[in-house]
4 protein chains.
Amino acid sequence: MNRPLRGIVGYPITPFTDRGSVDDRLLGDIVEGMVKAGVHAIAPLGSAGVMPYLTDSEREAVAETVLERVAGRVPTLVGVSSLTTERTAYFARHAEKLGASSVMIIPMSYWKLTEKEVFGHFDAVAKAISIPIVVYNNPATAGIDLSPDLIAKLLQIPNITMVKESTGDVNRMQRFVQLCGEDVAFYNGSNPLALAAFMAGARGWCTAAAQVIPKLNIELFDAVERGDLKSARKSFYRQLPFLQFIVAHGLPRSISAALELMGTRVGPLRAPLLPLDREKVDELRRILVDLEVLPRA
Amino acid sequence: MNRPLRGIVGYPITPFTDRGSVDDRLLGDIVEGMVKAGVHAIAPLGSAGVMPYLTDSEREAVAETVLERVAGRVPTLVGVSSLTTERTAYFARHAEKLGASSVMIIPMSYWKLTEKEVFGHFDAVAKAISIPIVVYNNPATAGIDLSPDLIAKLLQIPNITMVKESTGDVNRMQRFVQLCGEDVAFYNGSNPLALAAFMAGARGWCTAAAQVIPKLNIELFDAVERGDLKSARKSFYRQLPFLQFIVAHGLPRSISAALELMGTRVGPLRAPLLPLDREKVDELRRILVDLEVLPRA
Amino acid sequence: MNRPLRGIVGYPITPFTDRGSVDDRLLGDIVEGMVKAGVHAIAPLGSAGVMPYLTDSEREAVAETVLERVAGRVPTLVGVSSLTTERTAYFARHAEKLGASSVMIIPMSYWKLTEKEVFGHFDAVAKAISIPIVVYNNPATAGIDLSPDLIAKLLQIPNITMVKESTGDVNRMQRFVQLCGEDVAFYNGSNPLALAAFMAGARGWCTAAAQVIPKLNIELFDAVERGDLKSARKSFYRQLPFLQFIVAHGLPRSISAALELMGTRVGPLRAPLLPLDREKVDELRRILVDLEVLPRA
Amino acid sequence: MNRPLRGIVGYPITPFTDRGSVDDRLLGDIVEGMVKAGVHAIAPLGSAGVMPYLTDSEREAVAETVLERVAGRVPTLVGVSSLTTERTAYFARHAEKLGASSVMIIPMSYWKLTEKEVFGHFDAVAKAISIPIVVYNNPATAGIDLSPDLIAKLLQIPNITMVKESTGDVNRMQRFVQLCGEDVAFYNGSNPLALAAFMAGARGWCTAAAQVIPKLNIELFDAVERGDLKSARKSFYRQLPFLQFIVAHGLPRSISAALELMGTRVGPLRAPLLPLDREKVDELRRILVDLEVLPRA
C-alpha cells in the first residue's frame with residue numbers, strides 16, 4: 001500500500017453452515033468473486049461480517065481464510081475492534097502477522113468513552129503494530145460518535161492514516177477535507193451517499209454491495225474518476241434502490257437474502273439475527289430484477 | 001417562467017433605517033446588485049428577509065419595492081407564508097397582483113400540523129392564485145417537517161410546481177428525484193450542501209450568499225452545468241467557509257455584518273435580533289479577505 | 001398576588017363563531033366555568049388559546065373579555081408573546097392596563113435566538129411593565145429551548161418571578177429547584193408529568209384540561225398538598241388517558257372536541273387547523289365516559 | 001422470591017487488581033457492605049460491573065464470588081447478556097446452576113434488532129432456564145430501545161416477570177402501569193429519576209449508588225413506602241447531586257473514585273476506560289463531604 005488506496009472496498013458477509021459454524025469455503029468464494037470482478041480492496045470482519053457476533057477463534061479463522069484467498073492481489077483491511085484495548089491490540093497483531101495491509105478499528109463502547117479514552121485506545125493499538133490503521137466512525141453501531149476534530153487528532157498518530165466515515169452526513173466529510181487538506185484519505189461507508197461522498201472528495205467507498213453488484217459500484221467510481229458527472233449520476237440513481245434497501249434492512253440480513261436469490265446457499269444467520277421476512281425478500285427480488293442481476297421471471 | 005427556473009436564487013435581507021423602518025432604497029440597491037451580477041432569480045421575504053418579523057404593511061411594501069426594482073429582468077419568488085391560511089392566501093394574491101413570477105410558502109406552525117392540515121393549507125392558497133407555488137421545507141425555522149412523500153403529493157396540485165428543500169439531508173433530495181422523476185424542480189436551500197445538491201439533481205440554489213459573493217455562487221453553478229467536476233469542487237470548497245459561517249450565525253446577522261464590512265451601512269436588526277459579536281465579525285472579515293471580497297488589511 | 005400562586009392554572013381555548021370571529025360570549029362562559037369549579041388562576045392567550053393565530057385586535061379583545069369575566073376573583077396570567085420585542089412589550093403594557101395579575105412570555109423564534117438576544121428580549125419587556133412576568137419554556141412550539149441556567153438568570157430580573165416549564169423533562173424541574181432553591185416558583189406545563197412535577201416541587205400545573213375535568217385536576221393538587229401519596233397516584237392515573245390524548249392530538253383540536261362532546265357548540269378551528277378526525281373523537285368519547293364526564297351510552 | 005422484590009437493588013462494580021485481573025476479595029467485601037447496610041437485593045454483572053468488558057471465564061467467576069458471598073441473605077439478579085442468543089442462554093444456565101434468584105438481560109445489539117428478533121432472543125433464553133428473567137431496557141448502552149408495548153409482550157412469557165427501565169423517561173414508566181396494571185414489577189434504573197419513578201409506581205430502584213450511600217438510598221425508599229412525601233422529597237434532593245454526578249461521568253469511573261475517596265483501594269479500570277480526571281475527583285469529594293460520607297477536611 002505505498003500508493004493510497006482508491007476505489008471500491010468490498011465487505012464480505014460471514015456465511016454460516018447449517019450447523020452454525022463459519023462456512024470457510026463459501027466465504028472464500030465470495031471474496032474470490034469480488035476480486036475477480038475488479039473490486040479494489042477487501043475488508044473482512046466488518047459490520048457486514050457480523051464480527052461482534054463471532055468468537056475469538058472464529059474471528060481469527062475468518063481473517064486467515066480471507067487473507068489466504070486474496071493472496072495479495074488487492075489490499076486488505078481487517079476489522080479488529082473489541083470493547084477492550086487489550087483484545088483490540090491482540091487481534092491487530094494477529095492480522096499483521098497474517099499479512100493484512102491494514103486494520104480497521106471502530107471504537108466500540110458500552111460506557112460512552114471520553115475523547116481521552118478514545119485517543120488512548122487508538123494510540124495503544126497503533127503502538128502494538130506497524131501496519132496502517134483505518135479509524136472507523138459509525139455511531140449507529142458503535143454507540144459513540146467521533147467528531148471531525150478528534151479524527152483529525154487521531155490522524156496525527158503515525159500509522160493511523162485513513163478514515164472510514166459512516167454517519168451519512170456530507171458536512172462531516174467536508175469538514176475532514178477542510179481540517180486535513182484535500183489529500184486526506186477518507187472513505188465513505190454510507191451507501192446512499194456514495195455519489196455525494198465522491199464529490200466531497202472521498203477516495204473510496206466501503207460497501208457490502210460489492211458482493212452483489214460489483215460492476216455497478218465500480219462503474220460509479222470510474223465515472224467519477226474520469227469526471228463524467230452525467231454518467232456518475234445515472235449510475236448512482238440506478239443502484240440507489242438496492243443501496244437504500246440494504247441499509248434499511250441491515251447488511252447481514254439483506255446481503256444474505258440477495259446471495260440466496262442469486263443461487264448461493266448462504267445458511268442461517270447467527271441468532272438473534274433472523275432472515276428477512278418473505279415480503280421483504282420479494283421486494284429485494286424486484287430490485288435485483290430491475291438491475292438485471294436476476295432474470296425477469 | 002415558461003422555461004423552468006435554473007441557477008442561483010438570491011435572497012435579499014430586509015435592511016432597516018436607524019429609526020427601525022424598512023430601508024426601501026437600500027433594499028432596492030441590494031436587489032439591483034444581485035441582478036447586475038447575474039443572479040438568476042430574486043426571492044424577497046424569505047428567512048433572510050426576516051419576513052415573520054415584519055408587519056403586514058411592511059411585507060406588502062417590501063414585495064412592491066423588490067418587484068419594481070427587478071422589473072421583470074429575472075423571475076421572482078415572493079415569500080407569502082403566514083400561520084393562518086387566510087393571511088397566506090391574502091399575501092399570495094397581493095404578490096400575484098404585483099406581478100410576481102411565483103410565491104414561496106413554508107408551512108409555519110405553532111401547533112404541529114397534521115398532513116391533512118398541511119395539504120388543505122397549500123390547496124386553499126393554490127386555489128386563490130394562478131401563479132406557481134414553491135413548497136418550502138425547513139423544519140429548523142418552521143417547526144414542522146414535510147416528508148418527501150407529502151411534498152410529492154403537494155406537487156400534484158396544478159400550480160404547485162417547485163420545491164425548496166432546506167433540511168440539509170442529501171437523502172431527502174435523492175428521494176425527490178426517485179419519487180417525482182429526474183425532472184422534478186427542486187431547489188436546495190442548505191448552503192453547505194450546494195455541491196452535493198447539484199450532484200443529486202437540484203435545479204437551483206437558494207442563497208442569501210448571493211448578495212455578498214454572487215460571482216462565486218454563479219461560478220459553482222456554471223461548473224456543474226458544463227460537467228466540470230474538478231472546477232465545481234474547487235469553487236465549492238473555496239466558498240464553503242463563508243457558507244458555513246452564515247448558517248452557523250444566522251442569515252440576517254451574518255449577511256448584515258458582511259455588507260457592513262463591505263462598506264454598506266445596513267442599519268440595526270429588528271429586536272430581539274442583535275448584531276454579530278465583535279469577535280465573530282473579525283472571523284467573518286478574515287473569511288471575506290480570503291475570498292478577496294475584502295482587501296488584505 | 002402577594003402570596004405566590006399555587007394550584008391549577010386553567011388555559012381556555014379561543015372559541016370562534018361560524019363566521020370565524022372570536023366567540024366572546026362562549027369564551028367568557030368557559031372562563032366562568034373554570035372559576036366556579038375552583039380553578040386557582042386563569043391564563044388566556046396561551047397555546048391552547050391559539051394566540052399566534054389571532055390578529056392583534058383579536059388578541060386585545062380576548063384579554064379584555066377574560067379579565068372582565070374573571071373580575072379579580074382569581075389571579076390571571078395573560079399571554080403576550082410576539083416574535084418582535086416591540087410587539088411583545090406592546091401587548092404586555094396592554095395586559096397591565098387591563099389589570100392582569102401577570103403576563104406570560106414564550107420566546108417565539110424564527111431565527112434561533114442567542115442567549116444574549118433572549119435575555120435582551122425579556123429584559124426590555126420587563127422594563128416596560130410593573131407586573132410580574134412568567135418565563136414560559138416550550139421548545140416544541142417556540143423552536144427554542146431555554147436552559148435551566150438561562151432561566152435562573154432571567155429570574156434575577158426584578159419582575160420576572162415565575163417559570164412555566166413544558167419540556168416534559170423531570171430533570172429540568174429538578175435543576176430549577178437545585179439552582180434557585182426550593183422556593184422557586186415553577187409551574188409545570190407538561191400534562192402527563194403532572195404528578196412527577198408536583199413531587200419535584202412544582203407550585204402549580206398549567207393545563208387546558210381544567211376546562212373539561214377541573215374537579216380531577218384540583219383533586220390531584222389537593223392530594224399532593226396534604227401529602228396523600230396514595231390518593232395522588234390514584235387520581236393521576238385516572239385522568240392520565242385524557243391528559244395523554246390532548247397532548248397527542250393538540251390542545252385546540254382536543255379540547256374543542258371534548259367541549260362539543262359535552263354539549264357546548266364551539267365552532268370551527270382557525271385554518272389551517274382542522275377538527276379531530278371522527279375516529280379520534282370516538283376514542284375521546286370513551287375516555288370521557290370512563291371519567292364519568294359523559295354518561296355511558 | 002415468592003414475594004415480589006421491592007426496594008434498593010445494589011449494583012457492585014467489578015474491581016481489578018493492579019495486574020488487571022478481577023479482585024475477588026474486594027468484590028466480596030463490596031457486596032458484604034451492601035447486604036449489611038440493608039440493601040434489598042444484589043445485582044452483579046450489570047453495567048456498573050463492566051460486564052461486557054469481561055472475558056467469559058471472568059464473568060462466571062464474578063457470578064460465583066457474589067452469589068457465594070450473598071449466600072441467600074437477599075435475592076440476586078445476575079447479568080447474563082451477550083450479543084448472541086447462544087451465549088446469553090449459556091450464562092443464564094450458569095447463573096441458575098449457581099443459585100441466582102433471577103437473571104437480567106439487556107438486548108445488546110450491533111445490528112439493530114427487529115421486534116421479532118428481540119422477542120425470539122428473550123423467548124429462547126427463557127426456555128433455557130426456570131428462574132425469572134428481568135428485561136432490562138437501556139438504549140444508551142444497548143443501542144436498541146424496547147417500546148413499552150414490546151416489553152408488555154415480553155412479560156407474557158411465563159418466567160419473564162420483571163422490567164428494569166433506564167431511559168429516564170417518566171412517561172415510559174407510566175405506560176407500563178397503564179399497559180400491565182399497577183402490580184407490574186418495574187424497577188427504575190435512572191438514578192436522577194428515583195423519586196419520580198417511585199411516585200409512578202416503581203417497586204424498586206436499581207443503583208450502583210448503593211455501594212457508596214446505601215443509607216440514603218434506603219431512607220428514600222422507606223419514606224415513599226410510608227407515604228411520607230415531604231421526607232421523600234427532602235431525602236431525594238439531598239442525594240441528587242451524587243446521583244447526577246455518577247450518571248454524568250459513568251458508573252465505573254465515578255463509583256471507583258468514590259470508593260477510593262472513602263479509603264478503599266479499588267485498582268485500575270479496564271482499558272480503554274480511564275480513571276476520573278483530578279478536578280472531577282475534587283468535585284466528587286465536595287459532594288461526598290456535603291453528604292457527610294467524607295469528613296469535612
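Chain A and chain C do not touch: their nearest C-alpha atoms are 20 Å apart. Here, two residues count as in contact if their C-beta atoms, placed from the backbone, lie within 7 Å. This is a predicted model, in which local features need pLDDT of at least 70, side-chain atom pairs count only at pLDDT 80 or more, and totals for chains, interfaces and linings use all residues. Residues are numbered from 1 along each chain as its sequence is written, while chains are lettered from A and ligands numbered from 1 in the order in which they are written.

**Where chains stay apart**
- Chain B and chain D have no contact either, and their closest C-alpha atoms lie 20 Å apart.

**Where chain A meets chain D**
- Here 25 residues of chain A are in contact with 25 residues of chain D.
- On chain A's side, helix H3 (85-98) and helix H4 (115-128) each supply at least two residues; helices are DSSP runs (H or I, at least four residues), numbered from the N terminus.
- H4(A) gives the most to this side, with five residues.
- The residues on this side of chain A divide into 12 nonpolar, eight polar and five charged. Nonpolar means Ala, Val, Leu, Ile, Met, Phe, Trp, Tyr, Cys and Pro; charged means Asp, Glu, Lys and Arg; the others, Gly among them, are polar.

**How chains C and D are related**
- Chain D is superposed on chain C by a rotation of 180° with 0.0 Å of shift along its axis (RMSD 0.0 Å), so the two copies are related as by a two-fold rotation axis.
- Among the residues of chain D, D:Ala196 comes closest to the rotation axis, at 2.6 Å (C-alpha).
- Both copies use the same surface: 100% of the contact residues of chain D recur in chain C.

Methods: Copies are superposed by least squares on the C-alpha atoms of residues with pLDDT of at least 70 in both.
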